[in-house]
Amino acid sequence: MTSEVVRRPAAAGAVAVAADPATTIERVGVLLRARGERMTRARRAVLTVLVGDGAHLGAEEVVGRVAALDAGVHRATVYRTLDALAGLGVVQHVHVRRTGTAYHLAHGGREHLHAECRRCGVVQDLPGDLLDDVARAVLDRDGFTVEPTHVALSGLCAACATVDPPGGHAR
């Protein structure tokens, strides 16, 4: 059995997120056109929401914010758009307790991991290589390939841990 860990880089089309939404949307448009696709109203609206917020948003949060931008974009179209952009490597999704699935713009390079606070629900990014040693050990021992980028680790964020530390005593 090999002990090589499967590394999941972002898709080859990962887009560098720019400081302004227009540049990021333009970069995604270039990627889409290179694949023979086009920048639709729905794609533009979804990207505008994700670029503008920068947070890990649930699909329904994206739907609501897209509706505020362009009421003509149907809910099902937003879901299909999120899936399509994830397939392109432009959007990364992670399964979390608060919203079921959260979406955010991929930032190019390797996918990263997430941690979700079980108290306040905040989701924060973690380095992509954080669990490589664990994944390697599981592969060596059990032959199972761990793909941790699609689920969030659960625990307490720094702010909540000061209120409810693991030992049960407030700091």
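Asp 133 and Arg 136 sit 3 residues apart in helix H5 (residues 132-142), which separates them by about one helical turn. Helices (H or I, at least four residues) and strands (E, at least two) are DSSP runs, numbered from the N terminus. The two side chains form a salt bridge, with the closest N and O atoms 3.1 Å apart; the term stands for a side-chain nitrogen of Lys or Arg within 4 Å of a carboxyl oxygen of Asp or Glu. Asp 133 is exposed, with a relative accessible area of 60%, while Arg 136 is partly exposed at 27%. Here buried means under 20% relative accessible area, exposed over 50%, and partly exposed in between (1.4 Å probe, protein chains only).

The model is predicted: local features need pLDDT of at least 70 and side-chain atom pairs count only at pLDDT 80 or more, whereas totals for chains, interfaces and linings use all residues. Residues are numbered from 1 along each chain as its sequence is written, and side-chain values use heavy atoms, with hydrogens and water left out.

The structure holds 6 salt bridges. Side chains of opposite charge can pair when their charged atoms come close. One of the bridges joins Arg 75 and Glu 60, at 2.2 Å from N to O. Arg 75 belongs to helix H4 (residues 75-88) and Glu 60 to helix H3 (residues 59-69), so this pair ties together parts that are 15 residues apart in sequence. Both ends are partly exposed, Arg 75 at 43% relative accessibility and Glu 60 at 41%.

Another salt bridge links Glu 37 to Arg 43, with 3.0 Å between the closest N and O atoms. Glu 37 is partly exposed at 28% relative accessibility, but Arg 43 is buried, with a relative accessible area of 14%. Through salt bridges that share partners, Arg 35, Glu 37 and Arg 43 are joined into one network.

Next comes the sheet. It is open, has 3 strands in the order E5-E4-E6, and its pairing is mixed. Strands E5 (123-126) and E6 (152-155) are the edge strands, each pairing on one side only. The twist averages 30° from one strand to the next, where axes are lines fitted to C-alpha atoms, for helices over the stretch in contact, and angles run from 0 to 180 degrees between N-to-C directions. Two strands pair if DSSP finds at least two bridges between them. Strand E4 (residues 113-117) pairs with E6 in the parallel sense over 4 bridges, and Ala 115 stands opposite Leu 153 in E6.

His 56 lies in the loop between helix H2 (41-53) and strand E1 (57-58). His 56 is buried, with a relative accessible area of 11%. Its side chain makes polar contacts with the side chains of His 114, at 3.4 Å, and Asp 125, at 2.8 Å. A polar contact is a pair of N or O atoms within 3.5 Å; within protein, one must be able to donate a hydrogen and the other to accept it, and residues adjacent in sequence count only if both atoms are side-chain atoms. Leaving aside residues up to four places away in sequence, His 56 also touches others, including Glu 61, Arg 98, Tyr 103 and Val 123, contact meaning heavy atoms within 4.5 Å.

For Cys 157, the nearest cysteine sulfur is that of Cys 160, 3.7 Å away. The sulfur of Cys 160 has its closest cysteine sulfur in Cys 117, at 3.6 Å, which is too far for a bond. Cys 157 is buried at 12% relative accessibility, and Cys 160 is buried at 8%.

Terms used: Disulfide = S-S within 2.5 Å.
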